[in-house]
Protein chains: 2
Amino acid sequence: MDQRISLITLGVRDMDNIAAFYEALGWQRVDTQDGVIAFDLLGQTLGLYPLDKLAEDIGIDVSQLGRGTMTLGYNSRDRDGVDAILARVPEAGGTVLKPPLEVFWGGYHGYFSDPEGHIWEVAHNPFSPLRESDGAFRWAGY
Amino acid sequence: MDQRISLITLGVRDMDNIAAFYEALGWQRVDTQDGVIAFDLLGQTLGLYPLDKLAEDIGIDVSQLGRGTMTLGYNSRDRDGVDAILARVPEAGGTVLKPPLEVFWGGYHGYFSDPEGHIWEVAHNPFSPLRESDGAFRWAGY
């Protein structure tokens, strides 16, 4: 697993309200086709996503997600990379929340949590290839 | 407020256990003088910090922080930048959790939450100046 975070996702109840908050602080939003409101951070994205949909995507009940829910996203160059990382999680002491599977939009992903419940998505997105820069692969964004 | 996140902090109960988890996935830790275990992410840092100390630093009770606690960090070029951002938070709809003040290690910081409880630290660290690269100021790291 390379040392990068492609995506920080905030689980949000009122998308317009939270988007307006970050806009009021001076950030510029990008609305994406898949319902994410994204803020581009140079090779990384801060995304807002409805809390109930996020819980559904992870495959856990929304009651298991607390105040100020955030997840971290790791984008892999290919599907094998997703499989390899999730395969290592149990022996490393974490928990696979969602084994890797194809997603309706054409990607491939799974979720894990570290031993204290910080949640990660591991994904391969064929429509958003990683590009090499600064000696490391970084995500090209939405 | 520029569009960047300098730091992602995981609030952690068992630092050695969580550090070992990320090392088992292939990441390399850096131990810092201030008790943070850091993973360098090219202009950004994922830091592990004891949950009770994080709550103390924010100025809230640890019971207010949930499972998988994470905070986002924004580093400012100077103290005025910290003041300016925290001054904008209330009118933007957020809550200042900790007004800006001098920290024992020589920095200057405050905390706010967005309208749904995602927590941010806004800090000026005179010992870790931002450097300009890729058209935006990024943190030089620990």
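How many bridges join strand β5 of chain B to strand β8 of chain B, and do these strands run parallel or antiparallel? Select residues 70–75 and 119–124 of chain B to find out: 4 bridges join the two strands, which run parallel. The model on display is a predicted one.

**First stop: the sheet of chain B**

In chain B, 8 strands form an open sheet with mixed pairing, in the order β2-β3-β4-β1-β5-β8-β7-β6. Strands of a sheet pair through backbone hydrogen bonds, either parallel or antiparallel. Next, colour β2 (30–31) and β6 (95–102) of chain B, which stand at the edges of the sheet. Each has a single partner strand, so one side of each is left without a neighbour in the sheet.

**Second stop: chain A as a whole**

Select chain A and colour its secondary structure. The chain has 3 helices and 10 strands, and along the sequence they follow the pattern β-α-β-β-β-α-β-α-β-β-β-β-β. Of its 142 residues, 42% count as buried. Among the contacts in chain A with a separation of 6 or more, 50% are between residues 24 or more positions apart.

Select residues 15–24 of chain A, which make up α1. Show the side chains of A:Ile18, A:Phe21 and A:Tyr22, which are buried. Seen down the axis of α1(A), the buried residues fall within an arc of 90°, so they line one face of the helix. An α-helix has 3.6 residues a turn, so residues three or four places apart point the same way. What covers the buried residues of α1(A) includes β1, β3 and β4 (45–50) of chain A, together with α3 (79–92) of chain B. After the helix, select A:Gly26, whose phi is positive, near 110°.

Where they meet, 21 residues of domain 1 are in contact with 18 residues of domain 2. On the domain 1 side, the elements that give two or more residues are β1, β3 and α2 (51–58) of chain A. Of these, β1(A) gives the most, with 4 residues. The residues on this side of domain 1 divide into 10 nonpolar, 7 polar and 4 charged.

**Fifth stop: where the chains meet**

Show both chains together. Here 39 residues of chain A are in contact with 39 residues of chain B. On the chain A side, β1 (7–12), α1 (15–24), β3 (37–40) and α3 (79–92) each supply at least two residues. The helix α1(A) gives the most to this side, with 4 residues. By class, the side of chain A that touches chain B has 20 nonpolar, 11 polar and 8 charged residues.

**Last stop: the axis**

How are the two chains related? Chain A can be laid on chain B with an RMSD of 0.0 Å by a turn of 180° and a shift of 0.0 Å along the axis. That is the relation of a two-fold axis. To find the part of chain A beside the axis, select A:Gly66: its C-alpha is the nearest in the chain, 2.8 Å from the axis. The same surface serves both copies, for 100% of the contact residues of chain A recur in chain B.

Definitions and conventions
Residues are numbered from 1 along each chain as its sequence is written. Chains are lettered from A and ligands numbered from 1 in the order in which they are written. This is a predicted model: local features need pLDDT of at least 70, side-chain atom pairs count only at pLDDT 80 or more; totals for chains, interfaces and linings use all residues. Two residues are in contact if their C-beta atoms, placed from the backbone, lie within 7 Å. Ala, Val, Leu, Ile, Met, Phe, Trp, Tyr, Cys and Pro count as nonpolar, Asp, Glu, Lys and Arg as charged, and the others, Gly among them, as polar. A residue is buried if 20 or more other C-beta atoms lie within 10 Å of its own, exposed if 12 or fewer, and partly exposed in between; C-beta atoms are placed from the backbone. Copies are superposed by least squares on the C-alpha atoms of residues with pLDDT of at least 70 in both. The arc is that of the directions from the helix axis to the C-beta atoms. Two strands pair if DSSP finds at least two bridges between them.
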